[in-house]
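Hi,

Here's the structure I promised to pass on.

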Amino acid sequence: MSVTQESAFEGNIEAHLLEQGWASVAPDGYDRKTGVFGDEVIAFVQASQPTEWKRLVARHGGEATARSRFLKVVTDALDQRGTVSVLRSPVKDSGVSVRLCYFKPASGLNAQQSARYAANRLGVTRQLHHSESRPGDSLDLVLSVNGIPVATAELKNPLTGQGVEHAKTQYRTDRNPHDLIFRARALVHFAVDPHHVAMTTHLAGQETRFLPFDQGSAGAGSSGGAGNPPVKTGYRTAYLWERVWEREAWLDLLGSFIHVEDGRVLFPRFHQWHAVRSILAATYTDGAGVDRLVMHSAGSGKSNTIAWTAHALSRLHGADDQPIFDKVVVITDRKVLDRQLQATVAGLEHTPGTIVRVDQHSSQLKEALEGNAARVIITTLQKFPVVAKLAAEEAATGEQRGVVGRRFAVIVDEAHSSTTGEGVTKLKTVLGGQPASEEDALAAAEAEESDLHDETGGPEEALWASALARGKTKNLSFFAFTATPKPKTLETFGQTVAGPDGEPVKAPFHTYSMRQAIAEGFILDVLANYTTYAVYYKLANAHPRNDPELDSRKGRAALARFASLHPYELNAKAEIIVEHFLQKTRHKIDGRAKAMVVTRSRLHAVRTKQALDEYISRKGYDQGASALRTLVAFSGTVTDPDAPDLQWTEPGMNGFPESQVPKRFASEEFEVLVVAEKYQTGFDEPLLHTMYVDKKLGGVKAVQTLSRLNRTHPGKQDTFVLDFANTAEEIQAAFEPFYEQSLANPTEPNILYTMFYDLGAAGILSGEEMDAAVAALLSDDPSRQGEIYANLGPAVGRFIALEDEAAEEFRATLQRFTRAYAFIAQIMPFTDPDLERLFLYGRMLLSDLPARENDPMPQLSKSVQLTHLRIAATSEGAITLEGSEDPGTALPGEGKGPITDPEMDKLSALIVAMNERYGAELTEADKVWVDQQWTVVKEDPEMRAVAEHNDRSQFEMVLEKRVENMLLDRHGKNEVLFDMFFANPEFRQYLVDYLAGTYDEFRQEAS
């Protein structure tokens, strides 16, 4: 039956395209030698550029000669420059410049450009015999633009027993990748059936890699898994020819998305293309002043999505044919995005100075904002406060030039709660100084008049301006991109939708979930192979008669830190890490796999690298062609408290500048990278296969850190995590909110007033002092600094006079208020100068209040001993996720943090509590040679001499200084004995004979 045949599927696609302005191009019009449809090329030039064609005919002496010579110029350009370049840039023949494609002009003001755009000839060809090597081969569909093939498609119909996988196989096995149409003409190749779409940009035989081009099981931009949603009529894959191949969308994709770098064609994934198009459509409708949050999984290509968004927004015009934004500012701290953004946008935009990367100093940013040329500015949030200061200084001298333009698109890369702080306020001050329109200016003036009750004057106006700069601004649109939106991020940039229970929640504008990215194979599942280890230990008080009282919470943390930095624990973990890497990881990814060790502090990073290197050296793993070498990454300088004369830096430990670490780690020279905070976010190394985690991770930090492993790479089939610090349940809880789509409950702004009145009732704040101090602050006049201190002093005095409990409750409330206001002011639908005044004054007062007196913590390395240690696996296998529909809360507890007094306890009691928690699984078999040390001391002649000639207190002083070296020496000797047991048969027998003596003890105890 014809209705079930593949030809019916093919015909339905063609019929739709012809209805939408495409033309049917006969297959015999294709020239296999030149790789173009010659008649289509000439017809386009004649229709779109008749004057240029007449010149060519005249210069070549006739139509026929002009035709052949011009087609030779076109094919030579295609071979030399590639299809993308020829479509976007003109070719020259005999001094005549001719374009091979016209893309949609940004506005409709130029009638000639609009007419030329309409002249583009989009052609669809069925059953094209394309091959020079195998003339009988034919492609189901070929799409061309003005005679140049740009895409091919193989169609399959499950009703005949074949699907999308058969189409992929056909490309891999039945198509010669060296044929001209594949080698140097078409940009993308689609494998299509009624249910699924896949695409590739490069045919390489069996090595051809196809990527899914599906919408997702819940539809484009929504949270779901792989595949396409059900449809009531037609095909699930109809979006391909109805939306992607739609005439205007397809030309836009060719002109504004496809990027060629080092000969490699970058074609957008469906979620990237759909996100950018959705942002443009919504912004065209709403104009400036509306924020949008894009939640795209780590590893899903956010950098390119941001680049395409930035370029598109910089050219977007409204219905009035005027630019919606004057400039696009991209906020990022990732240098890789800086480079990628410039490269991608530069491939689309050829006007010099259009893209400015602020990578030197803040005045460079100021120049870009004040100049007319820059349309896309790439910078960091930290530079805006300096720009605000420079602008204020110029204003004081009457030289201020001001920012060019009134409407700005601000793209925030990896948006988190940091984007709700003072950096964004300064950004708004710099960019939001002018209302977006006369109507906005009038509305602001009316609001000011009504809210200030006709109070005018410099200080009050400055306070109002400060509050306005903190809130939403109609001339700024924020486009925030992140894989892990916190509730604060969602509330700041998200949109209000109905939640699972029907109540309003904040949600992303566009979602490409972790679940979908894993299912489609864009990223690897980092939780699929996850092993947790537990560290068991026991402690003892080295000086029982000295049993100080400590803050219980801080004391427990200090004891845990002491154990984690103890040489025994570091050495035990080093052995596990090195042996696991050599046995399980090193051979992965064709022998190129690398590992990262995540530590909890800079000191831990230093000591962990030292422990790893010491173990590697002792075992001889640093020798030969396959020597194992480590790197370390941390910021600044580290001083070891046990050796205060020694200082450690990253370049000093590695032997080269820190800027070289990513490149050197990617080489074959190094395989293990130890980190403390650095490289846990934004680090993209596809060869990274295994992570050893020795740090508590939670929430966003857990997802960001472990996601360093998820990048795909040829030969990389899986990842592995060995975790010393977290349980499987804790990691599962951290990932759940970000597995599908994150939601957040809206925050009630009125919670600020509860804290406002509590602070006012404490008897510390004075309205007159607050007014004077804030007026001096907002004047930005350095000569008035004394006024600030003069009006903080009385409040500080009243704070000191309070009882300790009341004073600390005031401090805690003021801290909570300033943190909550800094966030809520970004989203409040109103502006309250009283809250702004308290915020500005409160921040200054907090910095001037006397620090709380805390009992100094004792040096625990001299007060505590580690007596037992064992490290054992507690769980292995996959951590499965289901996704959570529960919305998060930006300010848990309505911004009220826990108010607790420190609980004091004896050191001995804390040691007992720690031993109960971490030593429950220990037995005498895990004892760390405590009894053995008695013999060590007895055999030391120097200690014998000290004991014979001094009293007990002097003996203990000397012993305390020497005991650590004696312990480490014994530890090394024990490992020598361990190696001897397995290498020396005589020693093995001797030890067995010796330990056989336990038989008599067992018998004696039994009787």
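Predicted model: local features only at pLDDT ≥ 70, side-chain atom pairs only at ≥ 80, totals over all residues.

Let's start with the helices. Helix α29 (residues 751–760) packs against helix α33 (residues 833–848) at an angle of about 60°, and their axes are 11 Å apart. That angle makes α29 oblique to α33, and their crossing is left-handed. On the α29 side, the contact is made by L752, Y753, F756 and L759, while α33 brings in D834, L835 and L838. Sorted by class, that gives six nonpolar residues, one charged and no polar ones.

D834 turns up again in a salt bridge with R837, at 2.8 Å from N to O. The two sit three residues apart in helix α33, so about one helical turn separates them. R837 is buried, with a relative accessible area of 12%, whereas D834 is partly exposed at 39%.

Across the whole structure, a search finds 35 salt bridges. Two others to look up:

- E677 and K695 meet at 2.6 Å, N to O. This pair links distant parts of the chain, 18 residues apart: E677 is in the loop between β29 and β30, and K695 in the loop between β30 and α27. E677 is partly exposed at 44% relative accessibility, but K695 is buried at 10%.
- R292 pairs with D286, with the closest N and O atoms 2.8 Å apart. Here R292 is buried, at 6% relative accessible area, and D286 is partly exposed, at 43%.

Cheers

Key
Residues numbered from 1 in each chain as written. Heavy atoms only, no water. Axes fitted to C-alpha atoms, helices over the stretch in contact; angles between N-to-C directions. Helix = DSSP H or I, 4+ residues; strand = E, 2+ residues; numbered from the N terminus. Parallel < 35°, antiparallel > 145°, perpendicular 65-115°, else oblique. Left-handed = near helix turned anticlockwise from the far one by under 90°. Contact = heavy atoms within 4.5 Å. Nonpolar A, V, L, I, M, F, W, Y, C, P; charged D, E, K, R; others polar. Salt bridge = Lys/Arg side-chain N within 4 Å of Asp/Glu carboxyl O. Buried < 20%, exposed > 50% of the residue type's maximum accessible area, 1.4 Å probe, protein only.
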